[in-house]
Amino acid sequence: MAEISQGEEVPPNMTLYINNLNEKIKIDQLKKSLHAVFSQFGKILDVLAFKTLKHKGQAWVIFEGVNSATNALRRMQGFPFYDKEMRIQYAKTKSDIIAKADGTFVPREKRKRHEDKGGKKRKEQLDPNQAAAGLNPAYPGAYGATPPLSQIPYLGARPIVPEAPAPPNNILFVQNLPHDTTTMMLQMLFNQYPGLKDVRMVETKPGIAFVEYENEMQSTVAMQALQGFKIQQNQMLITYAKK
């Protein structure tokens with residue numbers, strides 16, 4: 001996949017190209033954080049980011065639907081992500097995962113050869129029934145195949161049910177987080193709502209966090225907006241914290 005040239009018209013599609021990302025963030029952490037922030041807009045098929053110098057500060061987020069990608073582009077354009085504002089565009093080239101799903105995938109080393117021959121060889125190699133169904137036999141996400149590990153639900157920590165609900169206040173108690181959730185990921189999620197003061201995670205108790213706002217009204221807005229938000233298939237459970 002290549003970045004988009006400025007001024008070039010690219011039709012809306014399921015893959016977003018993101019640049020101006022903080023190059024100091026490790027690739028694994030970057031991908032998890034992008035997934036956490038963008039999953040509110042719809043199902044994500046994959047997040048791509050690479051260590052190579054050519055691709056530093058860039059990533060691709062692949063949604064299952066065009067509407068999800070379009071909504072994410074509009075809502076997240078300029079969003080402060082690890083202290084840098086994201087620049088988002090539709091990807092110029094079709095993601096491999098999408099090409100594999102719709103039967104148009106050609107291995108990169110063979111693309112030029114296939115283009116020269118008008119794509120005739122690729123069509124001959126595809127089983128007619130699979131091509132009609134929009135499936136490629138090499139695609140691991142085809143129906144009936146074992147899903148990749150990234151799509152298997154992560155159980156995480158079980159929700160801790162409070163003995164009695166706490167009265168509304170400015171601190172939120174967040175449960176059922178995946179164990180690899182970071183403070184920075186939560187800060188980016190909750191910072192979408194005004195008044196965020198602090199995010200505290202409990203090292204001895206993975207899966208929970210405390211999020212503090214300036215006042216009760218602001219914490220209530222954030223709780224209502226993010227209640228049930230999924231991080232790696234885990235639905236966040238948010239209540240007011242006991243003081």
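**Figure 1. Contacts across the chain in the predicted model.** Of the contacts in the chain with a separation of 6 or more, 64% are between residues 24 or more positions apart. The structure shown is a predicted model. Its chain contains 8 helices and 12 strands. Among the 243 residues of the chain, 42% count as buried. The accessible surface of the chain amounts to about 14,200 Å², and carbon and sulfur atoms contribute 52% of this area.

Figure 2. The structure holds 6 aromatic pairs. In one of these, Tyr17 and Trp60 adopt a tilted arrangement, with 5.4 Å centre to centre and 45° between the planes. The pair joins distant parts of the chain, as Tyr17 lies in strand S1 and Trp60 in strand S3 (residues 59-63), 43 residues apart. Both Tyr17 and Trp60 are buried.

**Figure 3. Close-up of the ring cluster of Tyr17, Phe50 and Trp60.** Tyr17, Phe50 and Trp60 are linked into a cluster by ring pairs. Within this view, Tyr17 belongs to strand S1 and Trp60 to strand S3.

Figure 4. Asn19 is located in strand S1, which spans residues 15-19. Asn19 counts as buried because its relative accessibility is 13%, whereas the cut-off for a buried residue is under 20%. When neighbours within four places in sequence are set aside, the residues in contact with Asn19 are Gly57, Gln58, Glu85, Met86 and Arg87.

Technical notes
Residues numbered from 1 in each chain as written. Predicted model: local features only at pLDDT ≥ 70, side-chain atom pairs only at ≥ 80, totals over all residues. Heavy atoms only, no water. Helix = DSSP H or I, 4+ residues; strand = E, 2+ residues; numbered from the N terminus. Buried < 20%, exposed > 50% of the residue type's maximum accessible area, 1.4 Å probe, protein only. Contact = heavy atoms within 4.5 Å. Areas by Shrake-Rupley, 256 points an atom, 1.4 Å probe, with all protein chains shown as cover. Phe/Tyr/Trp six-rings, centres within 6.5 Å; stacked < 30°, edge-to-face > 60°.
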